[in-house]
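The sequence and the model come first, and the description follows.

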Amino acid sequence: MGLTEHEKRELSAIEQHLAEDDPAFVTKLNTPSWHLRLSGTALFILGLLTTYVTGLVLLATGATLSSWPLIAIGAAVTSVYPVKVTAQAVSEHQRDS
């Protein structure tokens with residue numbers, strides 16, 4: 001069921017009035033919000049988890065193939081990198097405080 005001409009005119013008037021009263025709000029509504037907006041902390045955690053899972057996959061693959069280089073790389077990625085990145089983030093946070 002479509003809108004009547006009267007309803008369309010009323011909506012148009014409301015839209016025009018809103019645009020005059022708060023142009024920043026109208027601009028915000030007109031910008032596409034299809035992309036995901038993540039904070040820096042969320043991106044950091046997502047990257048850290050991705051690195052950790054990648055290390056676990058390397059460990060499992062190395063164990064399945066009996067490949068000590070893959071096991072060593074997986075262990076390093078799983079343990080060393082997340083600890084290093086977390087320690088660096090904590091030290092930066094303490095420095096900023």
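Buried means under 20% relative accessible area, exposed means over 50%, and partly exposed lies in between (1.4 Å probe, protein chains only). Helices (H or I, at least four residues) and strands (E, at least two) are DSSP runs, numbered from the N terminus. By these terms, the buried residues in helix 4 include Gly74, Thr78, Pro82 and Val85.

The structure is a predicted model, in which local features need pLDDT of at least 70 and side-chain atom pairs count only at pLDDT 80 or more, while totals for chains, interfaces and linings use all residues. Residues are numbered from 1 along each chain as its sequence is written, and side-chain values use heavy atoms, with hydrogens and water left out.

**Confidence and domains**

The predictor's confidence in each residue is its pLDDT, from 0 to 100. The protein chain has an average pLDDT of 84, and 93% of the residues score at least 70. Among the elements of the chain, the highest mean pLDDT, 89, belongs to helix 3, and the lowest, 79, to helix 2 (residues 23–30). Where pLDDT is low, the predicted coordinates should not be read in detail.

The domain assignment, which is an automatic or database one, gives domain 1 (1–35) and domain 2 (40–94). Taken over C-alpha atoms, the centres of domain 1 and domain 2 are separated by 48 Å.

**Helix 3 and helix 4**

The expected span of a helix is 1.5 Å times one less than its number of residues. Helix 4 (residues 68–96) has 29 residues and reaches 41 Å from its first C-alpha to its last, close to the expected 42 Å. Helix 3 has 26 residues and reaches 37 Å between its end C-alpha atoms, close to the expected 38 Å.

Helix 4 bends by about 30° at Val77. The bend at a residue is the angle between axes fitted to the seven residues ending there and the seven starting there.

Which helix do the buried residues of helix 4 pack against? They pack against helix 3 (40–65), with contact meaning heavy atoms within 4.5 Å. In helix 3, the buried residues are Leu48, Thr51, Gly55 and Gly62, and what covers them includes helix 4.

Two threonines show this packing in detail. Thr51 lies in helix 3 and counts as buried because its relative accessibility is 17%. Not counting residues up to four places away in sequence, Thr51 touches Val77 and Tyr81. Thr78 lies in helix 4 and counts as buried because its relative accessibility is 10%. Leaving aside neighbours within four places in sequence, Thr78 is in contact with Tyr52, Gly55, Leu56 and Leu59.

**The loop and some exposed residues**

Helix 3 is followed by Ser66, which sits in the loop between helix 3 and helix 4. Phi of Ser66 is near 55°, a positive value in a residue other than glycine. Is Ser66 buried or exposed? Ser66 is exposed, because its relative accessible area is 64%.

Thr64, in helix 3, counts as exposed because its relative accessibility is 67%. Gln94, in helix 4, counts as exposed because its relative accessibility is 57%.

| Pair | Places apart along the chain | C-alpha separation |
|---|---|---|
| Gln94 and Ala75 | 19 residues | 28 Å |
| Ser66 and Thr27 | 39 residues | 58 Å |
| Thr64 and Glu20 | 44 residues | 66 Å |

**Annotated regions**

From an unreviewed entry, UniProt places the feature "transmembrane region" at residues 38–59 and 65–83. UniProt positions are given in the numbering used here, feature names are shortened, and annotations may be inferred rather than shown by experiment.

In the model, residues 38–59 are 91% helix and 0% strand, and the end C-alpha atoms of this span lie 30 Å apart. Residues 65–83 are 89% helix and 0% strand, with end C-alpha atoms 27 Å apart.
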